[in-house]
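Please keep the sequence and the model in view while reading.

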Amino acid sequence: NLWLVDLATGESQSLAADEIRSSAHLVFSGDGRWLCWSDGTQVVLYEREAGDEFILSLPGGDRMRVSDLAFSPNSQLLAVGTNSNGSVEIWDVESRRVAGVLPAHHADVASVQFAPDGRTLLSAGIDGAMKLWEIERRLVSVDTNLGRVNPGGLFYRPDGREIITTNRSTLSLRDATSGRLLYKTKTEAEIPPFQVFLAAAPDGSQLLTLGNPRDEESRDLALLIDVESGKTVGRIEHNSTCDAAVFNEQGTQIFTASGDQVFVWDALSLEQIAAWPCGDDIVFMAVSPDGVRLALGTADGVELWDISAQRPVAQLSVEKAREGRWFVGFQPIHGNYLAAAIRGQLVVWDLSRGDPTEVIRSTSPRGISGPPLLMWSPDGSKVVTAGNGYDLEVRDVVTGEVVATLIGDAVPESSRD
């Protein structure tokens, strides 16, 4: 079903009595008065204040298939892209009548979008054609070829001067008046599909991702991605799959784990600085804020290492450590505490007095289910964990007391992970 949720009160109402497909199109009008959706076979207009639903009768009848929807900026017109004859229908929202039909494309329409000034409509077809339409005269002002465009893959920039188009492997920037290509970048060859996020640089400028797990040649790679350009700027090679990675707080070093091996890399040159075995497969890593200690989550618990000496200084016990993925994190700023979370279990150790001392060990009273979660508050005074897969528990790290429980709605068992 389709649900309308009031974000201020949390109240919700069901709008679609019949089941709709996951590929449904959904769009609000700019003034927030209208909501329009289509599951491909019909178009429904919903007037929010009155709660009235109107079904738009498409001229093509049951043969018509809707591919995209877009409201004009003044909320008076609705553009409906179709897959049946390549046309774009323009509807007057208030009267709910067809104001015009644009014979846009020789193939299915992939995307429609109004310009911010409302005078121009942009359409793209799966045949690769992109057209700019003058709404009042129903005339094409620009007709150019884009190549394949993702469904819904057309966007105007807010000032209306440029158009962004996307498909599976490229992102393009075009002049909105002439359709001239200004910039184009390929992503498929540089960032493999199915990439797995590993770590982010402290300043947010770079991401470390895993190569394609389905590709034997790239699955052992850790790829360094520049966030601004989206390009791969470096590669770290391992003899087997890279299982975990983390930047140090200063952003000067990258730590990776492959099997039971720890590797240290210079974050600028990506040259290997050090490597050592830890004795067990590593599932998670964390570096203390001062860059002195490394915490490794393994099937036997948490190993605390002195980085410069490359030796373990403590073995910390975690129950059910072999039951899947879990997280380890140092307290921000001071690093006086270390926390670990796995399947509803939270353990916190005090590291400030030499030998680590366990100060919190808690299991959610509502049961252990759902994926683990661990997050520190920026000042390091509180730690947040998942209580049972859809609740969050906020604890004071000094007293160990739960200071807040954030209760979410239950989700189906099959989708909790």
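In this predicted model, N248 is buried, because its relative accessible area of 5% falls under the 20% limit for that class. N248 belongs to the loop that joins β23 (244-247) and β24 (253-258). Leaving aside residues up to four places away in sequence, the contacts of N248 are P202, Q253, F255 and V287.

**The largest nonpolar core**

- The largest nonpolar core holds 17 residues, and those touching the most other members are A295, V302, V328, L338 and W349.
- At least two residues of this core come from each of the strands β27 (282-287), β29 (301-306), β30 (311-316), β31 (327-330), β32 (337-342) and β33 (345-350).
- The strand that gives the most to this core is β32, with three residues.
- L338 is in contact with A295, V302, L304, L316, V328, G329, F330, V347, V348, W349 and L351, when residues up to four places away in sequence are not counted.

- Side chains of opposite charge can pair when their charged atoms come close.
- Seven salt bridges are found when the whole structure is searched.
- One of these joins E47 to R33, with the closest N and O atoms 3.0 Å apart.
- E47 is in strand β5 (residues 43-47), while R33 is in the loop between β3 (25-28) and β4 (34-38), so this pair ties together parts that lie 14 residues apart in sequence.
- The relative accessible area of E47 is 8%, which makes E47 buried, whereas R33 is partly exposed at 32%.
- R33 also forms a salt bridge with E94, and here the closest N and O atoms are 3.0 Å apart.
- Because E94 sits in the loop between β9 (88-92) and β10 (97-102) and R33 in the loop between β3 and β4, the pair ties together parts that are 61 residues apart in sequence.
- E94 is partly exposed, with a relative accessible area of 49%.
- Through shared partners, the salt bridges join R33, E47 and E94 into one network.

**The four-stranded sheet**

- Strands of a sheet pair through backbone hydrogen bonds, either parallel or antiparallel.
- An open sheet is made of four strands in the order β35-β36-β37-β38, and their pairing is antiparallel.
- The edges are taken by β35 (374-376) and β38 (402-407); each has a single partner strand, so one side of each is left without a neighbour in the sheet.
- On average, neighbouring strands of this sheet are turned by 20° against each other, direction ignored.
- Five bridges link strand β36 (residues 382-386) with strand β37 (residues 391-396), which pair in the antiparallel sense.
- Opposite K382 stands D396, a residue of β37.

**A further salt bridge**

- R395 and E393 form a salt bridge in which the closest N and O atoms are 3.7 Å apart.
- Both partners, R395 and E393, are buried.

Definitions and conventions
Residues numbered from 1 in each chain as written. Predicted model: local features only at pLDDT ≥ 70, side-chain atom pairs only at ≥ 80, totals over all residues. Heavy atoms only, no water. Pairing = 2+ DSSP bridges. Axes fitted to C-alpha atoms, helices over the stretch in contact; angles between N-to-C directions. Buried < 20%, exposed > 50% of the residue type's maximum accessible area, 1.4 Å probe, protein only. Contact = heavy atoms within 4.5 Å. Core = buried A, V, L, I, M, F, W, Y, C linked by side-chain atoms within 4.5 Å. Salt bridge = Lys/Arg side-chain N within 4 Å of Asp/Glu carboxyl O.
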